[in-house]
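I opened my notebook to see what could be looked up here. These are my entries, in the order I made them.

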Amino acid sequence: MGNRTIRAGLNPVGTRMKGRPMTTAAKPGKEPGLLNFCAAIAVLGSISLIAGNVVGSLVVPGHNWVSDTVSDLAAGRYEIIQDVALYGYAGALVAAAIGAAHSHSGGWQWSVGIFGLTLLALCVVVIGARNEYGDNDNEGVVIHIYVVYALGVLFTATFLAMAKGLGRHSRTLEWLSYICAGLWSVGAVIFFLLPTDIDGIWERGLGIITVVWVCAFAVHLRRMARS
């Protein structure tokens, strides 16, 4: 017998089983729980940055919040206060990056923003871990100033890169992102030109700009979770 018959109920590979509809895998989509979690961490991390700065300014002896910078709080006897605040903010940036990747708005600019948020988190961790300048630690390779330059570029690039994607869902958030980019870029340049007796308060103002943007982005993630 050259040909074999196929028993009832069995079909050759590639054909549909008789009486059994072919099933298809469910298409992956946005997970509301993840987006809400990322939004919450982004807000809590931003609050930790502000709270740590306020508490550190009150606890550290002789600290002047007008003339002394955050680097002064992140080194010395009470460095743990500002370090925890910085690590919390790094967590906020990581959460924003994860949420942005999970709710990708399309376009290469949004992808640039995701990598920008990730690199910003790394920079913040480095600033907290490398106790330079605040305790006059200038031994070895001093990278603090280069990390600060990186922050200046990355925040501006990230705010600009994600503005258009935010605009697909909210014109208000789009313009807020552009405004934060403008204020940050101009303010960062001015910071390096200021005398040291007022650069502390100016630096804190720059920090508030980034906190406003991160919290606004958390609002965007919440909206994506609800949609």
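**Surface.** I looked up the accessible surface of the protein chain and got about 13,000 Å², with 66% of that belonging to carbon and sulfur atoms. The areas come from the Shrake-Rupley method with a 1.4 Å probe, and for residues only the protein chains shown count as cover.

**Ground rules.** I'm working with a predicted model, where local features need pLDDT of at least 70, side-chain atom pairs count only at pLDDT 80 or more, and totals for chains, interfaces and linings use all residues. Residues are numbered from 1 along each chain as its sequence is written, and side-chain values use heavy atoms, with hydrogens and water left out.

**Layout.** I found 7 helices and 0 strands in the protein chain. Both are DSSP runs numbered from the N terminus: helices are H or I with at least four residues, strands are E with at least two.

Of the 227 residues in the chain, 41% count as buried. Buried means under 20% relative accessible area, exposed means over 50%, and partly exposed is in between (1.4 Å probe, protein chains only).

**Core.** Which residues have the most contacts inside the largest nonpolar core? I noted Tyr89, Leu93, Trp213 and Phe217, in a core of 46 residues. Such a core is a set of buried Ala, Val, Leu, Ile, Met, Phe, Trp, Tyr and Cys residues joined through side-chain atoms within 4.5 Å. Helices 1, 3, 4, 5, 6 and 7 each supply at least two of its residues. The largest share, 11 residues, comes from helix 7.

I then followed Leu93. Leaving aside residues up to four places away in sequence, Leu93 touches Leu117, Leu120, Ala121, Val124 and Val214. A contact here means heavy atoms within 4.5 Å.

**Cysteines.** I counted 0 disulfides, a disulfide being a pair of cysteine sulfur atoms within 2.5 Å. Cys123 counts as buried because its relative accessibility is 12%. Cys215, at 25%, is partly exposed.

**Nonpolar patch.** Back on the surface, I listed Ile50, Val54, Val55, Leu58, Val59, Ile208 and Val212 as a nonpolar patch with about 570 Å² of accessible area together. Helix 1 and helix 7 are the elements that give two or more residues to this patch, and helix 1 gives the most, with 5. Why does Val59 count as partly exposed? Val59 gets that label because its relative accessibility is 35%. Val59 is found in helix 1.

Notes
Patch = residues over 30% accessible without salt bridge, like charges linked within 9 Å, V, L, I, M, F, W, Y side chains within 5 Å. Salt bridge = Lys/Arg side-chain N within 4 Å of Asp/Glu carboxyl O.
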